[in-house]
Amino acid sequence: PSRRPKKKRNARRRSKKISRLAARQQLAELLRCGGSKKRPKRRLGLKRRRAEQEAKEKEERAAQEQKDLEARREAAARRASSLRRQQKEAEEKARAEKEESRAGGQR
C-alpha cells in the first residue's frame, strides 16, 4: 500500500506566525514613539518629532554637564597644583632662612 504524503500546513502557519510577530513589533515601535494603543498611527508625526526633540535636548544637556564636570575637575587640579607649588616654595624659604640663621649662629 502506498503511503499517503503528509499534509504540509506548517509553512502557512509559520508565515502567519512571522507576520503576527512583525505586527506586534511594529505596534511596539509605534507605542514607543507615542501612539495610542487603539489608534497607533494617529498624530504620530507630531509625537515622534517631539520625542526626538526631547531626546536631542537630553543628550545636549548630558554633554554640557560632562563638559562642566571636566572643566571643574581641571580647575580643581590646577588649584591643587598651584597650592602644592606654593607650599613647596614656602618650605624652601623656611629651610633657607633656618640655614642662614644657623650659619649666622656658628660665626
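Arg-95 is partly exposed in this predicted model, with a relative accessible area of 48%. Its side chain meets that of Glu-92 in a salt bridge, 3.7 Å from N to O. Both Arg-95 and Glu-92 belong to helix α2, where three residues, about one turn of the helix, lie between their positions.

Let's look at the other pairs. How many salt bridges does a search of the whole structure find? The search finds three, and here they are side by side:

| Salt bridge | N to O distance |
|---|---|
| Arg-32 and Glu-29 | 2.8 Å |
| Glu-74 and Arg-78 | 3.6 Å |
| Arg-95 and Glu-92 | 3.7 Å |

Helix α2, residues 44–106, also holds Glu-74 and Arg-78, which are four residues apart, about one turn of the helix. Arg-78 is exposed, at 53% relative accessible area, while Glu-74 counts as partly exposed because its relative accessibility is 49%.

The pair in helix α1 is Arg-32 and Glu-29; they are three residues apart, so about one helical turn separates them. Arg-32 is exposed, with a relative accessible area of 62%, and Glu-29 is partly exposed at 36%.

Now to charge on the surface. A patch of positive charge gathers Arg-4, Lys-7, Arg-9, Arg-12, Arg-13, Arg-14, Lys-16, Lys-17, Arg-20 and Arg-24. One of these residues, Lys-7, sits in the segment before α1, the helix spanning 10–32. Is Lys-7 buried or exposed? Lys-7 counts as exposed, because its relative accessibility is 75% and the cut-off for exposed is over 50%.

Note on methods:
Residues are numbered from 1 along each chain as its sequence is written. This is a predicted model: local features need pLDDT of at least 70, side-chain atom pairs count only at pLDDT 80 or more; totals for chains, interfaces and linings use all residues. Side-chain values use heavy atoms; hydrogens and water are left out. Patches are made of residues with over 30% relative accessible area and no salt bridge: like charges are joined within 9 Å, nonpolar side chains (Val, Leu, Ile, Met, Phe, Trp, Tyr) within 5 Å. Accessible areas come from the Shrake-Rupley method with a 1.4 Å probe; for residues, only the protein chains shown count as cover. A salt bridge is a side-chain nitrogen of Lys or Arg within 4 Å of a carboxyl oxygen of Asp or Glu. Lys and Arg count as positive and Asp and Glu as negative; His and the chain ends are not counted. The place of a charge is taken as NZ of Lys, CZ of Arg, CG of Asp or CD of Glu. Helices (H or I, at least four residues) and strands (E, at least two) are DSSP runs, numbered from the N terminus. Buried means under 20% relative accessible area, exposed over 50%, partly exposed in between (1.4 Å probe, protein chains only).
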